[in-house]
Amino acid sequence: MRAVTWHGRDDVRVDTVPDPTITEPTDVIVEVTSSGICGSDLHLIEVMAPFMTVGDVMGHEPMGIVREVGPGVTELKAGDRVVVPFNISCGTCWMCNQGLQSQCETTQNREQGFGASLFGYTKLYGQVPGGQAQYLRVPFGNTLPIKVPEGPADDRFVYLSDVLPTAWQAVQYAGVVPGGSVLVLGLGPIGDMATRIAKHLGAGQVLASDTVPERLARARANGIDVLDSTDQADVVAWVRDKTDGRGPDAVIDAVGMEAHGSPGAKFAQKATALVPDAVMEKVMQVVGIDRMAALNTAIEAVRRGGTISLSGVYGGATDPMPLMRMFDKQIELRMGQANVWRWVPDILPLLTDADPLGVDTFATHHVPLEQAPQAYETFRQKQDGAVKVLLQP
Ligand SMILES: NC(=O)c1ccc[n+]([C@@H]2O[C@H](COP(=O)([O-])OP(=O)(O)OC[C@H]3O[C@@H](n4cnc5c(N)ncnc54)[C@H](O)[C@@H]3O)[C@@H](O)[C@H]2O)c1
Ligand SMILES: [Zn+2]
Ligand SMILES: [Zn+2]
């Protein structure tokens, strides 16, 4: 089959690789019809490169049609339409039963000291072949895939794999209450969707910051109050001005470690590119990298006694946090990979013709799988108005 494979920094290709096969009785094989490119994929071709291996199949936001089921699969049959969550979770362990699918005890990567495996995401998370491919082997066929109805285009459902539950969790973890205020940092797919969900759930004031013109325009068109700056001083002054001098009740960081404005980011970028991977792997796990501009802005911007909800991914082991400031401001901080299945029952009822979250028109680009390298570049460079790219194998 054809698949998007990792070859190095800023180097993804489309290669022919072996078709996946059923290896466990509860496996299913899904023929992928749509597969998103995520901001998290950008980390893999940049700062997280030391944890990748040449030939790894990328992608963790797929949906498609079940083509084959193992002998132990009772809940799905060939022909069913499914979305595949990015967490590989068993659905039956203690953690899964708590709604903490990203910590699934069946797929936890204990040797690496990491949580549940993810599709297409580094050796820290199991090095499992991903879904930017024609076919995908999906384990836990009775509990993991999300069955969706026939009819609407893939765009209606594909974001159930990641964007929707991630943005939903970001808003839930932010503790946004009806009438309350929230600032969203970053208007990529995750930040954009978080603003929509916050509004939908009744936030009184939804503020957002980024610098990409098309992304700002898109949010503005949805009634979000946006600031065209990511400079900490600008953002803090702007949000205080809008919240009686206090700052918003909550800040959602939908940026993560590719933030612009981090003092050490240029160095880290150079370092990760120049230092051999084996060395950089140790450096990141033991020391960390200073790329925390967005998080630092969140800490300054949030009101005293407010909440920071982190969906942006961070990667350094000992990146410094201003604890005195956080303690004094009495900040609550919640974070983590989205627990996809935890939120599916809340989100599914919103995926209707009325389309309250605007998923049908959310993608800016639909691209054949063969054009993935160019699509990655367009998304990474934020060119051509790219906000969400769906690959179509
Ligand atoms: N927690 C999860 O489960 C989960 C799931 C999906 C994605 N993510 C993470 O969420 C983050 C966003 O993902 P995405 O797909 O929207 O990515 P993206 O890269 O398209 O969006 C990031 C946006 O942040 C903006 N930005 C950069 N620095 C900023 C700053 N200092 N202040 C404000 N905005 C800034 C960029 O211009 C860009 O528009 C990534 O870190 C990704 O890894 C986490
Ligand atoms: Zn993703
Ligand atoms: Zn589990």
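I looked up C38 and found a relative accessibility of 4%, so C38 counts as buried (under 20% relative accessible area; exposed is over 50%, partly exposed in between, with a 1.4 Å probe and protein chains only). The model is predicted: local features need pLDDT of at least 70, side-chain atom pairs count only at pLDDT 80 or more, and totals for chains, interfaces and linings use all residues. Residues are numbered from 1 along each chain as written, chains are lettered from A and ligands numbered from 1 in written order, and side-chain values use heavy atoms, without hydrogens and water.

**Zinc ion (ligand 2).** I listed the donors next: C38 (SG), H60 (NE2), E61 (OE) and D162 (OD), at 1.8 to 2.4 Å. Donors here are N, O and S atoms within 2.8 Å of the metal (3.2 Å for Na, K and Ca); water is not among the atoms, so sites may look incomplete. Helices (H or I, at least four residues) and strands (E, at least two) are DSSP runs, numbered from the N terminus. D162 is buried too, at 4% relative accessible area.

I then checked the angles. Four donors count as tetrahedral if all angles lie between 85 and 135 degrees; four count as square planar and six as octahedral if opposite donors are over 155 degrees apart and all others between 65 and 115; anything else is irregular.

**Zinc ion (ligand 3).** I found four cysteine donors, C90 (SG), C93 (SG), C96 (SG) and C104 (SG), 2.3 to 2.4 Å from the ion. Their angles are 104 to 117°, which makes the arrangement tetrahedral. The spacing in sequence is C-x2-C-x2-C-x7-C. I noted C93 and C96 as buried.

**T122.** I placed T122 in the loop between α2 (94-97) and β6 (135-138). T122 is buried, with a relative accessible area of 1%. Leaving aside neighbours within four places in sequence, T122 is in contact with L44, F51, M52 and Q127 (contact: heavy atoms within 4.5 Å). I also checked V14: T122 and V14 are 108 residues apart in sequence and 18 Å apart in space, C-alpha to C-alpha.
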